[in-house]
Amino acid sequence: MRRSGHHLHRANSKQGAGGLKGLMGRLSIAVIVLLICTVSLYISSTRKAGFGSVSRSEIKAEELWSPAKSGGWRPSSAPRSDWPPPPKESNGYLKVRCNGGLNQQRSAICNAVLAARIMNATLVLPELDANSFWHEKSGFHGIYDVENFIRTLRYDVRIVESIPDVRKNGKTKKIKPFQLRPPRDAPISWYTSVALEKMREHGAIYLTPFSHRLAEEIDNPEYQRLRCRVNYHALRFKPHILRISQSIVDKLRNQGHFMSIHLRFEMDMLAFAGCFGIFTPEEQKILKKYREENFAKKRLVYSERRAIGKCPLTPEEVGLILRSMGFDNSTRIYLAAGELFGGERFMKPFRALFPRLENHSSVESSEELVENVRGLTGSAVDYMVCLLSDIFMPTYDGPSNFANNLLGHRLYYGFRTTIRPDRKALAPIFIDRENGRTAGFEEAIRRAMLGTHFGGPHERISPESFYTNSWPECFCQMSPKNPADKCPPDNVLAILNSRLVESQRENDLDVSTQSNSTTSVSFTNGTCVQVRSGIYFSVVRQQQEEGRARSR
């Protein structure tokens, strides 16, 4: 018994010692984890402090008419590292068909330019699938300034308006592009393997459809800056669109500040979101039919969708948010919207709160406007008015490319104020109000809205799109803590231009010494690249000057 007890005592002693060691080990791990978390939180708070975002304890409507604080950041999409001009020899032609609405096409064009750069391809002027979506045929030439597009991107890619014929053995031959369907959000590797192989084999490829066909998150800041150069500099609307838009803005601003709202209470978005419960049986039938014909089958329960903020805000809810934030009935509002589903009964409560509602037709009644407000052109006018407004408010920024692109453009244009309702946080507040629980309603709305950025620089967190927030890749600081954020030198464009001129000179020499070549030189002789100072120089310089003035 003693022996047994002695062994038991020793065993217990060993177990006790082992348990103590294990406990100490676990405590050490916990301390290390706590230390890492503390350091991470400190770094995160330090970075966020540098964003220029304001930690608000209250919302003052009068302050929102001014741009958000920049925190020393300014827009900059010029290259900051070695960025050679397009090589003298191209791997072939890239042709794309951009489907969807105006802003879906806009992001597709940005992706097409980047894909051409990645593959060393000559980009054919993108084809806009306007007819199927808008039932009109404006095309790229009808919406955008083609000369500006080609000239602005001359340091990045070669661009032609159409695939030229090839002369070989004294005969003229047409190049027929090989048609490919890219995977959705395809990685760069797909373009440098599958697409490039077919391009080299056939001389040209045709990618269709081309909406969301290149991954947004790319670990190469120069590639992302190229997207910004396309989106915010190269894609300039035609003069008549800019003229109509400026006329509307001038008339609105004659009476002071104005706000623009993208009121996305339209049939396609309501059907997509599955938000049917507030409509009449006949209206629900229309929405369900539209959904069955256009979207994948999915079980959607209105009350569940509403509770988690998946439904577009109603016009009345938009009005209640603005009133709770301190905007009164003298506020002038420009509505960018298609045909509102459900008609006047949904607009009446909104108009009672904010009677000074306008759209392009009520502000500008010229003959030129009447002839140019249909389809893509009308969407382009709304886009420009919203871009230039003092405040912009989207009511549904989920898959809405119009709102998403505008949020990104306004950020780049000088941190212009945006009001982005957090529908998930707001949903239970509105549901309580509908059920008669109205005490503290406006205060609850203000608390929910305090968490928004109001247009200031902020970290991009998934699922936020790069086209919605291109910070930090397309922004810089004159005195940064991180060297990667330093603004490029003022003469960066002169450097790019001199390299392009030198490359052009070498190409011309090559062409003159190979005049008997049997292959086409359409994309090696640089004829599509116009080497001269132009709008890109003036835009970037003006942008830098405005950035200095806004930095505070």
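The model is predicted.

Start with the whole chain. It holds 21 helices and 15 strands. There are 552 residues, and 49% of them are buried. The chain exposes about 27,000 Å². Carbon and sulfur atoms supply 53% of that area. Now take the contacts between residues with a separation of 6 or more. Of these, 79% join residues 24 or more positions apart.

Next, look at helix α19, residues 441-449. Its buried residues are Phe441, Ala444, Ile445, Ala448 and Met449. Why do these five lie on the same side of α19? They cover an arc of only 135 degrees around the axis, and that places them on one side of the helix. What covers them? The cover includes α12 (315-324) and α18 (423-434).

Now turn to charge pairs. The whole structure has 27 salt bridges.

One sits within a single helix. Glutamate 201 pairs with lysine 198, and their closest N and O atoms are 3.9 Å apart. A salt bridge needs the nitrogen within 4 Å of the oxygen, so this pair counts. Both residues belong to helix α6, residues 188-202. They are 3 residues apart, about one turn of the helix. Glutamate 201 is exposed, at a relative accessible area of 52%. Lysine 198 is partly exposed, at 24%.

Arginine 253 meets aspartate 390, with the closest N and O atoms 3.3 Å apart. Arginine 253 lies in helix α8 (residues 239-253), while aspartate 390 lies in the loop between α16 (375-388) and β13 (391-394). The pair therefore ties together parts that are 137 residues apart in sequence. Arginine 253 or aspartate 390: which is buried, and which is partly exposed? Aspartate 390 has a relative accessible area of 13%; buried means under 20%, so aspartate 390 is buried. Arginine 253 is partly exposed, with 34% relative accessibility.

A further pair is arginine 264 with glutamate 266. Their side chains form a salt bridge, at 2.4 Å from N to O. Both arginine 264 and glutamate 266 are buried.

Salt bridges can also link up through shared partners. Here they join Glu442, Glu443, Arg446 and Arg447 into one network.

Conventions. Residues are numbered from 1 along each chain as its sequence is written. This is a predicted model: local features need pLDDT of at least 70, side-chain atom pairs count only at pLDDT 80 or more; totals for chains, interfaces and linings use all residues. Side-chain values use heavy atoms; hydrogens and water are left out. Helices (H or I, at least four residues) and strands (E, at least two) are DSSP runs, numbered from the N terminus. Buried means under 20% relative accessible area, exposed over 50%, partly exposed in between (1.4 Å probe, protein chains only). Contact means heavy atoms within 4.5 Å. Accessible areas come from the Shrake-Rupley method with a 1.4 Å probe; for residues, only the protein chains shown count as cover. The arc is that of the directions from the helix axis to the C-beta atoms.
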